[in-house]
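Me: I have a structure open and would like to go through it piece by piece. Can you help me read it?

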Amino acid sequence: MMNSFKWVRSLPAQLVGLLSLALLPLGLISVMQSEDLFEEARLLNKANLKSLTKEIALAESALIKEAFGAAQAIGSVVKFTQVERCRRIMNDFVDVHPQFLFAGYTETDGFMRCSTADAEIDLREDQRFRDAMAAPDRQISYRAAGTLFENPAVVANEPVYEGEQLLGFVSVVFPHALATRLIPAPDQTTDLRLVTVTIDGTLLATSVAEESASDYLPRDIAPETFVGRSDTTFEAVANNGTTRVYSIQSAVPGTVALVGSWLPGSSMGGLSSANPLLLLAFPVLMWIAGIGVAYFGVQRLVIRHIAKLRSAMRKYALGELQGGRLELDNPPEELKDTERAFNRMVLFLAQADAQQHQDLRDKEVLLKEVHHRVKNNLQLIASIMNMQSRSAQTGEARHMLAGLQRRVRGLAMLHRTLYTSPDTTTIDSREMIASLVQDLVGSLLDNRKVTVETDLLSAHLYPDQAVPLSMLLAEALTNAVKYAGIPEGEDTAWIKVTTREIENEQIELIMQNSRGTRLAEDIAPGNEPNGLGIRLMKAFVSQLEGRDSVEETEDVYTYRLAFTPRDFEPPAHVS
């Protein structure tokens with residue numbers, strides 16, 4: 001019995017010879033399964049193409065939908081606007097959105113009187129205008145170089161209605177190169193080809209040269225039907241005679257579709273057939289030998305233990321085996337060593353993980369306590385300044401102390417945000433600015449007739465940017481409150497604070513106040529006579545690595561600040 005047990009335990013050493021006899025039946029099994037593998041490969045090939053085409057279609061969709069959205073917004077503004085003002089709106093839109101080349105409004109008589117061009121444009125003989133009048137719906141079209149624009153362009157037309165009456169069309173134009181840039185270049189390893197097609201069969205953008213793009217489209221399917229075939233994947237013969245796998249995905253529903261195609265993939269035909277003689281040469285005995293070797297040698301002594309080890313590793317990765325043990329059922333000595341090593345590893349890692357969680361908790365508690373104490377100390381300093389201000393003999397001294405108190409309170413509010421936030425490393429700009437506006441403006445207004453509005457973006461900033469931003473905002477708010485006036489015909493002044501995301505992932509802060517009949521001069525301390533507030537604002541802009549600007553009209557004063565949120569930069573060590 002003992003000798004038999006030892007033979008079983010030493011069986012892995014004998015498997016090398018036995019497994020060589022099992023190679024033939026395993027080969028036969030693989031041949032029998034080849035058809036299933038081929039089908040799985042074809043399905044995977046189609047699924048990969050569909051996923052890739054849909055991903056690229058989303059990028060094209062964003063660009064085209066942005067153009068339609070812009071045209072719709074412009075149409076709601078300019079349809080009853082005088083020509084000169086309409087042209088100013090068009091030019092301002094193109095200036096603010098550099099991705100667009102041109103914008104114009106064509107009335108139903110065929111004249112484009114309002115556009116970014118200087119002159120009136122007659123489109124009565126233009127076939128696309130006639131098509132739009134015949135079917136007044138949003139359209140996307142391609143304009144070759146030299147027709148209306150110097151370079152190839154894509155035109156998005158949006159109809160403008162008043163009730164059910166068609167008034168005209170707003171056209172927004174972006175470069176054809178911009179649409180082409182969103183389509184990746186041909187992948188030589190997969191022969192991926194991409195073509196964007198409109199509902200009328202026009203090719204908008206391609207990943208290959210325009211003159212050869214149609215060679216990769218299916219031969220027996222008309223291009224104008226692609227939009228109606230969205231979200232389909234199939235094999236077909238291309239115009240160049242090759243068989244390709246196609247996936248058609250919607251870029252803009254009912255308007256534009258993206259057609260992706262590539263070759264069916266590498267051939268597995270070498271395994272699709274087998275020599276019949278192999279089925280007659282010792283098949284039954286080899287099959288039985290293979291089953292016996294696989295079951296008694298691999299399954300009983302190796303695979304079942306490895307499967308249990310794999311299951312334990314998966315449970316540990318999911319947190320279900322903390323402090324548990326792996327117990328294999330009578331494994332070979334080699335796997336017994338693996339069992340012991342795994343159990344030691346689980347024990348050590350569990351202890352290290354517990355210590356790490358405790359260290360992290362201690363750090364968070366300490367950091368929150370530091371922010372809390374800093375906040376309390378800053379508030380104490382602000383209270384002392386307030387007491388000192390009451391005993392000041394001159395208005396200049398009171399104003400100076402009030403300005404210092406305001407800045408200290410802004411810093412205290414910043415630290416309060418840090419220790420009350422679940423994330424102790426970053427600050428939510430919306431929460432910080434809202435609290436700062438409520439606190440500072442409330443103390444500065446003193447029940448004056450000033451309406452304060454906010455429209456704030458939520459962005460997470462590290463303290464090295466949040467501090468200068470809060471200090472700059474405090475100075476700008478002081479100026480806005482001081483110089484806010486009551487516009488003619490209204491009974492209150494107003495202040496607006498806005499943050500938004502602009503191009504290149506930048507954040508823009510906009511501070512506006514009404515101008516008109518000035519409120520009392522003592523409504524706010526204002527900037528010190530020596531211009532300290534202005535110098536501080538310039539310093540804070542420099543710390544933010546941003547840029548600011550001022551716009552003044554008869555009714556509104558606007559201050560703008562744009563900066564890029566950056567990652568935390570640890571302070572340099574001073575030797």
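Reply: Gladly, and please keep in mind from the start that this is a predicted model.

Me: ok, and which residue is the bridge partner of tyrosine 142?

Reply: The bridge partner of tyrosine 142 is valine 154, which lies in β6.

Me: What is the strand order of the open sheet with antiparallel pairing?

Reply: That open sheet has 5 strands in the order β3-β1-β7-β6-β5, and the pairing is antiparallel. Strands of a sheet pair through backbone hydrogen bonds, and they can do so either parallel or antiparallel.

Me: Why is one side of β3 and of β5 left without a neighbour in the sheet?

Reply: β3 (114–115) and β5 (139–143) stand at the edges and have a single partner strand each, so one side of each has no neighbour in the sheet.

Me: Which helix lies across β1, β5 and β7?

Reply: That is helix α5 (residues 127–134), which lies across β1 (102–107), β5 and β7 (165–175) and runs at about 170 degrees to β5.

Me: Staying with β1, is threonine 106 buried or exposed?

Reply: Threonine 106, which is found in strand β1, counts as buried because its relative accessibility is 3%, and the cut-off for buried is under 20%. If we leave aside its neighbours within four places in sequence, threonine 106 is in contact with several residues, among them Phe111, Leu123, Phe129 and Leu167.

Me: New topic: how many aromatic pairs does the structure hold?

Reply: The structure holds 2 aromatic pairs. One of them is formed by phenylalanine 93 and phenylalanine 100, which are stacked with 5.5 Å centre to centre and 20 degrees between the planes. Phenylalanine 93 counts as buried at 11% relative accessibility, and phenylalanine 100 is buried too, with a relative accessible area of 2%.

Me: And phenylalanine 234, what does it form an aromatic pair with?

Reply: Phenylalanine 234 pairs with tyrosine 246, again stacked, at 5.6 Å centre to centre and with 20 degrees between the planes. Phenylalanine 234 lies in strand β10 (residues 232–237) and tyrosine 246 in strand β11 (residues 243–252), so this pair ties together parts that are 12 residues apart in sequence. Both phenylalanine 234 and tyrosine 246 are buried.

Me: What about the open sheet with mixed pairing, what order does it have?

Reply: This open sheet has 5 strands in the order β14-β17-β18-β21-β20, with mixed pairing. Its neighbouring strands are turned by 10 degrees against each other on average, if direction is ignored. Within the sheet, 8 bridges join strand β17 (residues 493–502) to strand β18 (residues 506–514), and these two run antiparallel.

Me: Which helix lies across β17, β18 and β21?

Reply: α12 lies across those strands, β21 being residues 556–563, and runs at about 15 degrees to β18. Helix α12 (residues 463–483) has 21 residues and reaches 30 Å from its first C-alpha to its last.

Me: Is α12 mostly covered or mostly exposed?

Reply: α12 is mostly covered, since 17 of its 21 residues are buried.

Technical notes
Residues are numbered from 1 along each chain as its sequence is written. This is a predicted model: local features need pLDDT of at least 70, side-chain atom pairs count only at pLDDT 80 or more; totals for chains, interfaces and linings use all residues. Side-chain values use heavy atoms; hydrogens and water are left out. Helices (H or I, at least four residues) and strands (E, at least two) are DSSP runs, numbered from the N terminus. The expected span of a helix is 1.5 Å times one less than its number of residues. Buried means under 20% relative accessible area, exposed over 50%, partly exposed in between (1.4 Å probe, protein chains only). Two strands pair if DSSP finds at least two bridges between them. Contact means heavy atoms within 4.5 Å. Axes are lines fitted to C-alpha atoms, for helices over the stretch in contact, and angles run from 0 to 180 degrees between N-to-C directions. Rings of Phe, Tyr and Trp (its six-membered ring) pair if their centres lie within 6.5 Å; planes under 30 degrees apart count as stacked, over 60 as edge-to-face and the rest as tilted.
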